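Work through the exercises below with the sequence and the model side by side. Each task is followed by a solution that goes step by step.

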Amino acid sequence: ATESALVEGHRLYTTRCSQCHDLEMLDSRSVGGWKDEVAGMAGRAKIDPAQQASIVQYINAALSVVKAN
C-alpha cells in the first residue's frame, strides 16, 4: 500500500466509521473479518470500493505493527 492510501484509510476509518458507532480495537478481527465488515458497512458509510480498499490496507498495516510489537 502507498503512504497516501494508508493516510486515506486512517482518515476514513477514524471519520466515517465513527459516525455511527465507536471504533473497535483493530486487533478485534482478522484482516479477512475486517474486509467483510467494511464491505458490509460500505453502503451506510457511503464509501466506494477504492475507499474500502484503503481502509482495509490501513487496518492490515496497523495490525502488522501491532503483531510485530
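**Exercise 1.** Determine why Tyr58 counts as buried or exposed.

Solution. Tyr58 has a relative accessible area of 16% and is therefore buried, where buried means under 20%, exposed over 50% and partly exposed in between, with a 1.4 Å probe and protein chains only. Tyr13 also counts as buried, because its relative accessibility is 5%, and Trp34 is buried as well.

The model is predicted, so that local features need pLDDT of at least 70 and side-chain atom pairs count only at pLDDT 80 or more, while totals for chains, interfaces and linings use all residues. Residues are numbered from 1 along each chain as its sequence is written, and side-chain values use heavy atoms, with hydrogens and water left out.

**Exercise 2.** Identify the aromatic pairs and the helices that they link.

Solution. Rings of Phe, Tyr and Trp (its six-membered ring) pair if their centres lie within 6.5 Å; planes under 30 degrees apart count as stacked, over 60 as edge-to-face and the rest as tilted. The structure holds two such pairs. Tyr13 and Trp34 are edge-to-face, at 5.9 Å centre to centre with 85° between the planes; this pair joins helix α1 (residues 3–15) to helix α2 (residues 31–45) across 21 residues. Helices here are DSSP runs (H or I, at least four residues), numbered from the N terminus.

Tyr13 and Tyr58 form a tilted pair, at 6.1 Å and 40°, in which Tyr58 belongs to helix α3 (residues 49–68), 45 residues from Tyr13.

Technical notes: Helices (H or I, at least four residues) and strands (E, at least two) are DSSP runs, numbered from the N terminus.
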